[in-house]
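Me: I would like to learn how to read charged pairs and a ligand site in a model. Please take me through it step by step.

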Amino acid sequence: MTAAAQLGETCALLESLVERIDVGIFAVDRSGTVALWNTFMAVHSGKSSAVVRGQNLFTVFPELPRPWLEKKLESVFVLGNNAYTLWDLRPYLFRFPNNRPITGGLAEMRQNVTFLPIRIAGGEVGLVCGTVFDYTDTALAQHKLHDAIAALHQEKDAQAQLIVKLEAAQNQLLQSEKMASIGQLAAGIAHEINNPIGFVNSNLQTLKKYCQQMLQLISTYQEGEAQIGNVQLRGELSALTQSMDFDFLQQDLPELIKESENGLLRIKKIVEDLKDFSHVNKSDWQYADLNAGLDSTLNVVWNEVKYKATVNKNYGSLPAVECLAAQLNQVFMNLIINAVQALDESRGMGTITLSTGHQDEWVWVEVKDNGRGMSAETKKRLFEPFFTTKPVGKGTGLGMSVSYNIVQKHHGRIELDSLAGEGTRFRVWVPVKQTSIAD
Amino acid sequence: MTIEFIGEDQREALQEVANIGMGQAGASIAKVLGEFVELSVPQISAVSAAGIPAALAALAGDGVASAVRQAFLGELRGEAIVIFSEHSAHDLAELLACADVLDGPAERELLLDISNVLVGACLGGMAQLLRTTIGFSPLSLLADQVPTSMLLQADEISARCALLVEVRFRLEKRAFRSHLVMLMADDAVAALRRALDRFIEEL
Ligand SMILES: Nc1ncnc2c1ncn2[C@@H]1O[C@H](COP(=O)(O)OP(=O)(O)OP(=O)(O)O)[C@@H](O)[C@H]1O
Ligand SMILES: [Mg+2]
């Protein structure tokens with residue numbers, strides 16, 4: 001075979017390769033005139049090589065992004081290096097329909113295009129050859145993958161949120177469990193104290209009677225004192241009466257007994273309140289007097305309050321309210337303690353006002369203080385579990401979140417009115433009857 | 001650690017090749033972009049693998065940056081990384097005849113296109129002087145608007161150490177600034193040494 005024949009064969013081979021290959025191949029010269037347009041390009045563009053060759057690329061395809069593409073081609077002519085376009089950044093160069101007229105997916109064929117410098121006889125770059133690769137399938141797969149990943153992310157976020165909620169719920173459970181066991185403890189103590197109070201009280205009554213009798217006896221003796229003939233005995237008696245200050249003793253004795261009685265009464269009251277407050281035996285829904293609940297709660301926390309604030313009461317008359325009384329008491333306690341803790345001690349005694357009222361099917365209980373008030377940020381985050389502005393050890397930040405949940409359980413709501421530097425007013429609204437609210 | 005990749009003569013030759021190559025590159029970039037580009041004197045250094053991310057971060061300065069990588073292949077093998085400081089590419093949209101308002105993909109494409117021009121011109125120029133041909137792979141985005149310390153992670157690097165040639169670009173009248181770093185792994189430097197020896201002999 002001659003060299004010429006060999007060359008001819010190679011050329012024919014290359015030509016059929018360019019025509020058959022499943023890649024778009026075209027070439028343009030520096031003026032943009034098309035010098036090569038293979039079958040892939042013809043089939044997908046619907047314009048045959050005969051139509052396109054010799055024409056300006058931008059005349060045949062006016063929809064091409066001309067200034068940008070000219071610049072790109074120019075850079076290949078000047079630098080003699082490849083240039084690229086990628087489907088994920090620029091979906092396509094030529095608007096070709098995709099190869100899925102039936103199964104669908106993307107409207108246009110996604111393309112990666114590489115621009116290659118072709119040097120004529122090893123010198124200047126005479127042509128730029130574009131190779132167009134169909135990336136539609138890759139793009140579709142990638143889209144699916146993206147969607148799947150997005151869905152996974154969404155799921156993950158939802159789970160993370162759930163975990164946060166779970167944690168909050170668990171903490172609230174812990175807190176209410178803590179409160180419940182405090183209640184139980186209080187009730188147990190109350191019960192234990194009740195016994196000794198009982199016998200101390202009955203003994204005291206007997207003691208009181210005996211004392212009265214003894215005093216009566218002594219006064220009768222005193223009346224007969226003048227009739228005692230023995231001078232020495234009389235002197236001894238009057239010296240004793242004087243040194244004992246018997247007149248005072250006679251006066252003071254009933255008073256001491258009275259004071260002890262009062263003390264016992266107070267102990268009894270506190271024990272009652274403790275029992276009321278904890279409602280150990282009644283964890284179910286029941287009708288309760290919220291005014292009484294508020295009072296017993298105040299008594300339980302009285303020690304925290306009495307040196308820091310004067311308490312004003314402003315109770316309206318309330319119907320019995322269907323509620324979980326122990327839990328509502330817990331809400332009142334949180335509000336009262338917060339009110340006390342908000343007081344500015346440098347301004348002396350604060351004032352806490354407890355009010356209640358009744359409106360239609362609703363009752364409300366209000367705790368107002370003239371303390372520091374809240375910042376906008378605190379107001380926003382007030383009900384968040386663990387949100388506290390108090391130093392470590394003083395606040396866990398659970399009080400309001402637990403209260404919120406309790407009131408929520410009662411289908412009620414908490415109103416807040418607070419001004420930094422002026423004070424805070426919380427008003428808890430609960431329906432009188434739960435059934436009227438249930439739906 | 002000090003890394004002895006190339007001898008003193010070879011180093012000088014590389015510096016010269018880089019200087020001339022960048023000069024030519026500047027001219028062809030100007031032709032493509034239609035504006036004069038300032039190129040710094042190329043800096044040559046050797047770094048350990050662990051030192052590469054820090055070296056890139058030091059070049060890019062504080063803040064966030066994006067980076068594009070492109071492999072070069074042939075007798076000389078390695079990777080080129082172009083670092084763009086925050087938003088500096090916006091400025092070039094006009095020069096490459098892109099739309100004024102760039103969305104995410106268009107902006108990334110612009111970074112790739114500019115990188116292709118810079119890398120092709122600079123490395124092509126040097127290869128020509130060394131009488132060797134190099135080809136380039138398609139480019140890919142290495143990092144998109146990340147803190148400069150995270151442009152490249154040390155554990156992503158497979159080479160033990162690398163020879164690093166760094167050039168800075170500036171355009172007059174524009175805020176655009178970028179760095180081109182050419183990295184050759186230790187085992188590829190032998191070929192570079194041979195090419196440099198050839199270059200020295202021919203002088
Ligand atoms: N009456 C109030 N005046 C001013 N700020 C208040 C008042 N009540 C609550 N706050 C603010 O709301 C925050 C949250 O209150 P919450 O009762 O939930 O937690 P706490 O009192 O900090 O801790 P805990 O009640 O668990 O001991 C408080 O830290 C406080 O900043
Ligand atoms: Mg509290």
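Me: How many salt bridges are there over all chains?

Reply: The general idea is to look for a side-chain nitrogen of Lys or Arg within 4 Å of a carboxyl oxygen of Asp or Glu. The model is a predicted one, and by this rule it has 20 salt bridges over all chains.

Me: Where do Arg66(A) and Glu70(A) sit in chain A?

Reply: Both belong to helix 5 (residues 66-79), and because they are four residues apart there, about one helical turn separates them.

Me: Which parts of chain A does the pair Lys208(A) and Glu261(A) tie together?

Reply: First the contact: the closest N and O atoms of this salt bridge are 3.0 Å apart. Lys208(A) is in helix 6 (residues 136-223) and Glu261(A) in helix 8 (residues 246-278), so the bridge ties together parts 53 residues apart in sequence.

Me: Is Glu261(A) buried or exposed?

Reply: The step to know is that under 20% relative accessible area counts as buried. Glu261(A) has 14%, so it is buried. Lys208(A), with 27%, is partly exposed.

Me: Which residues are linked in a network of salt bridges?

Reply: Glu366(A), Asp417(A), Arg425(A) and Arg427(A) are linked in this way.

Me: Now the ligand. How many residues surround ligand 1?

Reply: Start with the shell, then look at single contacts. The shell has 20 residues, and among the closest are Thr388(A), Lys390(A) and Met400(A). Helix 11 (325-342), helix 13 (399-409) and strand 12 (423-431) of chain A each give at least two residues to the shell.

Me: Which atoms lie by the oxygen atoms of ligand 1?

Reply: A polar side-chain atom of Thr388(A) is 2.5 Å from a ligand oxygen. Backbone atoms also take part: a polar one of Gly397(A) at 2.9 Å, and an N or O atom of Met400(A) at 2.8 Å. Taken alone, ligand 1 exposes 590 Å², and the protein buries 91% of that. Ligand 1 sits in the largest pocket.

Technical notes. Residues are numbered from 1 along each chain as its sequence is written. Chains are lettered from A and ligands numbered from 1 in the order in which they are written. This is a predicted model: local features need pLDDT of at least 70, side-chain atom pairs count only at pLDDT 80 or more; totals for chains, interfaces and linings use all residues. Side-chain values use heavy atoms; hydrogens and water are left out. Buried means under 20% relative accessible area, exposed over 50%, partly exposed in between (1.4 Å probe, protein chains only). A residue is near a molecule or strand if one of its heavy atoms lies within 4 Å of it. A polar contact is a pair of N or O atoms within 3.5 Å; within protein, one must be able to donate a hydrogen and the other to accept it, and residues adjacent in sequence count only if both atoms are side-chain atoms. Accessible areas come from the Shrake-Rupley method with a 1.4 Å probe; for residues, only the protein chains shown count as cover. On a 1 Å grid over the protein atoms alone, a cavity is a set of points where a 1.4 Å probe fits but cannot get out, and a pocket is an open set with protein on both sides within 12 Å along at least five of seven lines; lining residues have an atom within 4 Å of a point. A molecule sits in a cavity or pocket if more than half of its atoms lie within 2 Å of its grid points.
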